[in-house]
Amino acid sequence: MYYIAHRLFAAHDRALAADLAKRLADKVGPNRVFLPFCDTDEEQLVADVKGRRLFELDRERLRRIDAMVAILHGPSLDDGVCMEIGYAWACGVPVVVLTTDFQTYSLTADGPRLEFPDPLIEAAATRVIRLPRLGPPTTASELGTASRFTAFRERNLVQAASALDTAVEALLELPAPARHEPRPPAGGTVYVEPSPYGRRGVDHLVQACVSVGYRIVGPQRFTAPDPLSAALADLTAAVGTRRLLVDVSGPETPPGGALLIGAACASGTPTAAYACRTGFTHAVGREPNWRNLMIQYAVQARLDTPEAVTAWLSA
């Protein structure tokens with residue numbers, strides 16, 4: 001089964017994912033393609049705790065997929081999609097990431113160029129499909145009486161169609177999943193993932209962990225000369241610790257933290273989200289969610305003070 005991970009919260013994102021699903025289904029059959037929101041029938045679903053039920057339905061698919069294609073665009077990456085990429089990575093499932101972003105990124109002004117702001121995304125991907133250029137311009141004879149806006153729209157649609165076709169081809173060429181059992185955790189360690197939006201840095205969380213006898217493991221990818229190799233090491237380290245603590249401060253869970261939460265969820269690593277201040281999202285028939293539901297229900301605890309951190313670690 002192929003799983004299509006995509007941002008759910010705008011009509012154009014859902015339409016793009018549906019276009020991809022149709023193109024893939026034409027090649028492999030509709031029963032081998034899972035499109036969230038569409039196939040969980042979110043608008044019509046009724047459950048006592050709807051958000052948790054949606055999480056359970058998506059996770060049930062994630063446990064038995066053969067490959068994933070994830071659609072990510074721009075510097076603000078959807079935290080639910082990043083969580084799903086991490087889950088697939090931890091299960092040994094190959095992931096194709098599709099982007100039409102015309103920007104590249106780096107951690108320093110002259111550092112190595114990256115496909116995404118956090119190198120964890122690229123490190124976890126089996127392949128990145130990147131089509132940053134618009135389709136060919138419309139000639140004057142082709143344009144005729146159409147407006148320049150119509151011509152510009154068509155160039156974008158050509159680019160999107162080409163990207164979707166390339167992603168389908170890449171999916172069909174992927175190797176079989178290399179499923180593996182998670183490694184036993186290292187005793188007495190906790191991986192602490194900071195948020196780039198955190199006002200206080202990470203020292204208060206580290207101190208809370210140290211105060212109850214834990215040894216700290218933290219990210220190396222932000223300062224390493226080779227951020228992709230370091231990102232892969234961060235992934236391996238995070239799922240190999242006794243516990244994972246992620247600062248999810250910000251407008252949404254930072255992409256690296258979201259990916260680590262997904263990997264830990266698949267690996268069985270107990271995880272807590274540190275959120276001293278956050279907002280809520282609301283959807284018809286669904287309980288208020290303090291984070292993307294894939295994040296909220298993948299973690300075992302939401303903590304809002306250093307004292308709550310020490311209590312969670314001591315439990």
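Which residue forms a salt bridge with Asp165, and how far apart are the closest N and O atoms? Here are some notes on that and a few other features.

1. **What we are looking at.** This is a predicted model, in which local features need pLDDT of at least 70 and side-chain atom pairs count only at pLDDT 80 or more, while totals for chains, interfaces and linings use all residues. Residues are numbered from 1 along each chain as its sequence is written, and side-chain values use heavy atoms, with hydrogens and water left out.

2. **The opening pair.** The partner of Asp165 is Arg23, with the closest N and O atoms 2.7 Å apart. A salt bridge here is a side-chain nitrogen of Lys or Arg within 4 Å of a carboxyl oxygen of Asp or Glu. Asp165 sits in helix H6 (residues 148-172) and Arg23 in helix H1 (residues 11-28), so this pair ties together parts that are 142 residues apart in sequence. Asp165 is partly exposed at 35% relative accessible area, and Arg23 is partly exposed at 23%. For these labels, buried means under 20% relative accessible area, exposed over 50%, and partly exposed in between (1.4 Å probe, protein chains only).

3. The structure holds 14 salt bridges, and Asp118, Glu193, Arg221 and Asp234 are linked in a network of them. Arg221 lies in the loop between strand E7 (215-217) and helix H8 (227-239), and Asp118 in the loop between strand E4 (95-99) and helix H4 (119-124), 103 residues apart. Arg221 is buried at 0% relative accessibility, and Asp118 is buried at 7%.

4. **Glu252, worth a look.** This residue is in the loop between strand E8 (241-247) and helix H9 (255-267). Glu252 is buried yet has no salt bridge, and the nearest side chain of opposite charge, Arg7, is 4.0 Å away. In that count Lys and Arg are positive and Asp and Glu negative, with His and the chain ends not counted. The Glu252 side chain does make a polar contact with the side chain of Ser76 at 2.9 Å. (A polar contact is a pair of N or O atoms within 3.5 Å; within protein, one must be able to donate a hydrogen and the other to accept it, and residues adjacent in sequence count only if both atoms are side-chain atoms.) Beyond neighbours within four places in sequence, the contacts of Glu252 (heavy atoms within 4.5 Å) include Asp78, Tyr197 and Arg291.

5. **The nonpolar cores.** Which residues touch the most other members of the largest nonpolar core? They are Met68, Leu72 and Ile85, in a core of 54 residues. Helix H3 (residues 79-90) supplies the largest share, eight residues. Apart from this core lies another of 24 residues, among them Leu20, Leu35, Leu171 and Leu174. Such a core is a set of buried Ala, Val, Leu, Ile, Met, Phe, Trp, Tyr and Cys residues joined through side-chain atoms within 4.5 Å.

6. **The fold overall.** There are eleven helices and ten strands in the chain, taken as DSSP runs (helices H or I, at least four residues; strands E, at least two) numbered from the N terminus. Of the 315 residues, 49% count as buried. Among contacts between residues at least 6 apart in sequence, 77% join residues at least 24 apart. The C-alpha trace spans about 75 × 50 × 40 Å along its principal axes.
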